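Visitor: I have the model open and would like to go through some of its features. Could we begin?

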Amino acid sequence: MQYPDFITLPYIQEYAAQHGEDASDQYPSALPRHFIEAYTKPKQRVFDPFMGFGTSAFVAEDLGRVPYGVEADGERFEWSAGQLEGWQNIICGDAAEIGTYDFPMMDFCITSPPFIPMHENWNPLYGGDPEYAGYDAYLARMAEIFAAVKGVMKHNALIVVHVDNIAHKKSFTPLVRDMSLAVSRSFKPQADVIIKWEDAPDGYALTHCLVFKNA
Ligand SMILES: C[S@@+](CC[C@H](N)C(=O)[O-])C[C@H]1O[C@@H](n2cnc3c(N)ncnc32)[C@H](O)[C@@H]1O
């Protein structure tokens with residue numbers, strides 16, 4: 001398959017959650033819409049191990065695909081479970097435990113993991129537990145989670161991971177590179193598709209979608 005270097009998408013969120021600032025965690029629905037349409041067929045299973053407010057799942061259902069996923073936060077889980085026809089396919093839990101949730105094999109995965117800058121000494125994947133704090137622990141856990149994702153992906157399935165570098169006055173975090181290395185421990189890298197946003201909020205002109213194959 002040929003992958004583009006750049007695509008342009010409208011900065012559109014069709015399923016905005018009414019959760020104040022938290023909703024900034026949502027990616028524009030135009031992003032999963034583009035990749036689900038391009039890389040899957042109707043009735044195929046679309047997996048998101050970090051569902052957040054369920055954007056990937058809502059788009060998948062709208063396009064006649066079957067969404068599955070995991071979300072650790074109870075309120076976010078309930079927000080999407082309450083609106084999805086296939087609510088029984090989503091789990092409120094830890095993506096590292098995917099192997100215990102009895103999921104069927106998936107045709108495609110698209111996700112946006114939580115991000116942290118490298119100077120932070122907490123870890124969104126462990127709810128701030130100091131025993132697991134810091135960027136290295138975060139990346140190690142990310143590698144473990146994607147190893148668990150591999151267990152539910154069909155052979156040759158594609159995995160799309162949305163990620164940004166983080167520019168901060170204290171440090172620059174090359175998260176696109178580091179996430180790519182973590183996910184590459186389980187999946188074969190295929191491309192870094194850069195998305196140019198149309199009509200994005202100031203300062204958010206570009207984002208990255210890393211494409212991997214379960215080869
Ligand atoms: C960037 S948000 C995803 C947003 C989503 N793409 C959307 O549009 O709503 C990442 C999500 O991962 C969840 N999360 C963090 N650690 C997790 C874990 N170990 N297992 C499952 N979900 C987790 C967070 O609660 C957060 O909602």
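Predicted model: local features only at pLDDT ≥ 70, side-chain atom pairs only at ≥ 80, totals over all residues.

Visitor: Which residues of helix 2 are the buried ones?

Guide: They are Thr-55, Ser-56, Ala-57, Phe-58, Val-59 and Ala-60.

Visitor: And what covers them?

Guide: The cover includes helix 1, strand 2 (45-48), strand 3, helix 3, strand 4 and strand 5 (106-111). Contact here requires C-beta atoms, placed from the backbone, within 7 Å of each other.

Visitor: At what angle do helix 1 and helix 2 pack?

Guide: Helix 1 (residues 30-39) and helix 2 (residues 55-62) pack at about 45°, and their axes are 9 Å apart. Helix 1 is therefore oblique to helix 2; angles under 35 degrees count as roughly parallel, over 145 as roughly antiparallel, 65 to 115 as roughly perpendicular and the rest as oblique. The axes are lines fitted to C-alpha atoms over the stretch in contact, and angles run from 0 to 180 degrees between N-to-C directions.

Visitor: Which residues make that contact?

Guide: Helix 1 contributes Pro-32, Arg-33 and Ile-36, and helix 2 contributes Thr-55, Ser-56, Val-59 and Ala-60. By class there are 4 nonpolar, 2 polar and 1 charged. Ala, Val, Leu, Ile, Met, Phe, Trp, Tyr, Cys and Pro count as nonpolar, Asp, Glu, Lys and Arg as charged, and the others, Gly among them, as polar.

Visitor: What follows helix 2?

Guide: Gly-64 follows helix 2, with a positive phi near 80°. Gly-64 lies in the loop between helix 2 and strand 3 (66-71), and counts as exposed because it has 12 C-beta neighbours inside 10 Å. Leaving aside residues up to four places away in sequence, Gly-64 touches Pro-42 and Lys-43.

Visitor: What is phi at Lys-43?

Guide: Phi of Lys-43 is near 75°, a positive value in a residue other than glycine. Most residues other than glycine have a negative phi. Lys-43 is found in the loop between helix 1 and strand 2 and is exposed, with 9 other C-beta atoms within 10 Å.

Visitor: Turning to the ligand, how many residues surround it?

Guide: The ligand is surrounded by 20 residues, the closest being Phe-50, Gly-52, Phe-53, Thr-55 and Ala-95. A residue is near a molecule if its C-beta atom, placed from the backbone, lies within 6 Å of it. The shell divides into 11 nonpolar, 4 polar and 5 charged residues. Thr-55 is also one of the buried residues of helix 2.

Visitor: Last topic: how do helix 4 and helix 5 pack?

Guide: Helix 4 (residues 135-150) and helix 5 (residues 175-184) pack at about 40°, with axes 8 Å apart. Leu-139, Met-142, Ala-143 and Phe-146 in helix 4 meet Asp-178, Met-179, Ala-182 and Val-183 in helix 5. That contact has 7 nonpolar, no polar and 1 charged residues.

Note on methods. Residues numbered from 1 in each chain as written. Helix = DSSP H or I, 4+ residues; strand = E, 2+ residues; numbered from the N terminus. Contact = placed C-beta atoms within 7 Å. Buried ≥ 20, exposed ≤ 12 C-beta atoms within 10 Å, placed from the backbone.
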